[in-house]
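Please read the numbered points with the sequence and the model in view.

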Amino acid sequence: MSDFTPQTYSLEILAETTGVSTQMIVQYQEHGIIHPDFDDETIRTLRRIEALREACEMNLNGIKLLTQLLDEVEQLRQELRIRR
């Protein structure tokens, strides 16, 4: 059992930390691209999303699909590491 409590952030702090506007963060949340708990994982996800959005010029549906696929790939990699 761990006493670790994840750090959570307000919408404003999240926007300031990532450089993503509060409106865009709300849109990502409304489309199910990020979860409502603004934590360190959300920061990593937002940075990845913004890099993909800039590099691939994707709309929100494309970003959602791509992030889901990347999450699935990471999960499969973790499962492979455990089996080795």
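Helices (H or I, at least four residues) and strands (E, at least two) are taken as DSSP runs and numbered from the N terminus. The model is a predicted one, in which local features need pLDDT of at least 70 and side-chain atom pairs count only at pLDDT 80 or more, while totals for chains, interfaces and linings use all residues. Residues are numbered from 1 along each chain as its sequence is written, and side-chain values use heavy atoms, with hydrogens and water left out.

1. Helix 3 and its ends. Helix 3 covers residues 40–56. Its 17 residues should span 24 Å at 1.5 Å a residue, and the end C-alpha atoms are 24 Å apart, which agrees; the expected span is 1.5 Å times one less than the number of residues. After the helix comes Glu 57, whose phi is positive, near 50°.

2. The buried side of helix 3. Buried means under 20% relative accessible area, exposed over 50%, and partly exposed in between (1.4 Å probe, protein chains only). The buried residues of helix 3 are Thr 42, Ile 43, Thr 45, Leu 46, Ile 49, Glu 50 and Leu 52. They pack against helix 1, helix 2 (22–30) and helix 4.

3. Thr 18. This residue belongs to helix 1 (residues 11–18). Thr 18 counts as buried because its relative accessibility is 17%. Its side chain reaches the backbone oxygen of Leu 14 at 2.8 Å. Neighbours within four places in sequence aside, Thr 18 is in contact (heavy atoms within 4.5 Å) with Ile 25, Ile 43 and Leu 46.

4. Salt bridges. Side chains of opposite charge can pair when their charged atoms come close. A salt bridge here is a side-chain nitrogen of Lys or Arg within 4 Å of a carboxyl oxygen of Asp or Glu, and by this rule the count comes to four. Which side chain meets that of Arg 48 in a salt bridge? The partner is Asp 71, at 2.8 Å from N to O. This pair links distant parts of the chain, as Arg 48 lies in helix 3 and Asp 71 in helix 4 (residues 60–83), 23 residues apart. Arg 48 is partly exposed at 27% relative accessibility, and Asp 71 is also partly exposed, at 42%.

5. Two further pairs. Arg 53 forms a salt bridge with Glu 50, with the closest N and O atoms 3.1 Å apart. Both residues lie in helix 3, three residues apart, about one turn of the helix. Arg 53 counts as partly exposed at 31% relative accessibility, whereas Glu 50 is buried at 13%. Arg 81 forms a salt bridge with Glu 74, where the closest N and O atoms are 3.8 Å apart. Arg 81 is partly exposed at 49%, and so is Glu 74 at 31%.

6. The largest pocket. A pocket is an open set of points on a 1 Å grid over the protein atoms alone, with protein on both sides within 12 Å along at least five of seven lines; lining residues have an atom within 4 Å of a point. The largest pocket holds about 210 Å³ of space, a volume being the space filled by probe spheres set on the points. Of its 13 lining residues, the closest to the centre are Glu 41, Thr 45, Arg 48, Thr 67 and Asp 71. Helix 3 and helix 4 are the elements that give two or more residues to the lining. The largest share, six residues, comes from helix 4.

Methods:
A polar contact is a pair of N or O atoms within 3.5 Å; within protein, one must be able to donate a hydrogen and the other to accept it, and residues adjacent in sequence count only if both atoms are side-chain atoms. On a 1 Å grid over the protein atoms alone, a cavity is a set of points where a 1.4 Å probe fits but cannot get out, and a pocket is an open set with protein on both sides within 12 Å along at least five of seven lines; lining residues have an atom within 4 Å of a point.
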